[in-house]
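Subject: Structure handover and notes

Dear colleague,

Please read the notes with the coordinates open beside you.

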Amino acid sequence: MEPKWLEWSKQLQSISQAGLTYSKDVYDLERFEMIRNISIDIMAHYTELAHSTIKHLFANETGYATPKVDIRAVVFKDDQILMVREKMDGKWSLPGGWADIGQTPAEVAVKEVKEEAGFVVRAKKLLAVMDMKCHPHPPSAYHIYKIFIQCEIVGGQAEQGLETSDVQFFAESELPELSVGRNTDSQIKMAFRYIKNPETPVYFD
């Protein structure tokens, strides 16, 4: 589902990032910098963002390039799914965010639910590991793996957080407008399938 120009741009960025980190030869470093600039030019051409913005967001990392990891908590109550309204775009998502250094995926899921929705939860089960490029998300400059973890409520109460403006539970037939950069309609419906069929194997791609 990812456009080819984006795939090529990210691959060039990955090659240049590794080369700039590990190469010692001054001429090789110059060539890898040229490759990085080409990747920025591709992004600028197709997104209409300024070169400086792209360089800051897309080409500012060092070391060997690896995918980023986004953790999403799947929490149900009375056959309804917990969602939070994101202040950034006013749309709804499963509680979650970037994985944190030093914390397990389960610990991140628990932390994000408390911070974004107010509930204390316990992580129960891994539901899915998805490569964002294989699902109908908007194009992203980063290569992202999304991990979905089922959690159960053990305490707390609904409470908005620093990044969220509302907390609600939704039935499958009454889903709100989704923040599709964070989660898609098909991913939410997948979560409902897991609740209806708990023996379904972990999904991965």
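Asp 79 lies in the loop between S1 and S2, where strands, like helices, are DSSP runs numbered from the N terminus (helices are H or I with at least four residues, strands are E with at least two). Although Asp 79 is not a glycine, its phi is positive, at about 65 degrees, and with a relative accessible area of 61% the residue is exposed; here exposed means over 50% relative accessible area, buried means under 20%, and partly exposed is what falls in between, with a 1.4 Å probe and protein chains only. Asp 78 is placed in the loop between S1 and S2 as well, and its phi, near 55 degrees, is again a positive value in a residue other than glycine. Asp 78 counts as exposed, at 67% relative accessibility. As background, most residues other than glycine have a negative phi.

Please keep in mind that this is a predicted model, in which local features need pLDDT of at least 70 and side-chain atom pairs count only at pLDDT 80 or more, whereas totals for chains, interfaces and linings use all residues. Residues are numbered from 1 along each chain as its sequence is written, and side-chain values use heavy atoms, with hydrogens and water left out.

Turning to the charged side chains, the structure holds 13 salt bridges, each being a side-chain nitrogen of Lys or Arg within 4 Å of a carboxyl oxygen of Asp or Glu. One of them joins Lys 4 to Glu 7 at 3.2 Å, N to O, and both of these residues belong to helix H1 (residues 4-22), where they are three residues apart, about one turn of the helix. Lys 4 is partly exposed at 48% relative accessibility, and Glu 7 is partly exposed at 22%. Another salt bridge links Asp 28 with Arg 31 at 3.0 Å, N to O, within helix H2 (residues 26-47), and this pair too is three residues apart, about one turn of the helix. Asp 28 counts as partly exposed at 30%, and Arg 31 as partly exposed at 49%. An α-helix has 3.6 residues a turn, so residues three or four places apart point the same way.

Arg 72 and Asp 70 also meet in a salt bridge, at 3.1 Å, N to O, but here Arg 72 is buried with a relative accessible area of 4%, and Asp 70 is buried with a relative accessible area of 4%. Elsewhere, salt bridges that share partners join Asp 100, Lys 111, Glu 112 and Glu 115 into one network.

How far apart are the end C-alpha atoms of helix H5 (residues 185-196)? They are 17 Å apart, which agrees with the 16 Å that its twelve residues should span at 1.5 Å a residue, the expected span being 1.5 Å times one less than the number of residues. The buried residues of H5 are Gln 187, Ile 188, Met 190, Ala 191, Phe 192 and Tyr 194, and what covers them includes strands S1 (68-77), S2 (80-86), S5 (119-131), S6 (144-156), S7 (164-170) and S8 (203-204).

Finally, Pro 139 sits in the loop between S5 and S6 and is exposed, at 58% relative accessibility. Pro 139 and Leu 6 are 133 residues apart in sequence, and 7.5 Å apart in space, C-alpha to C-alpha.

How values were computed: Contact means heavy atoms within 4.5 Å.
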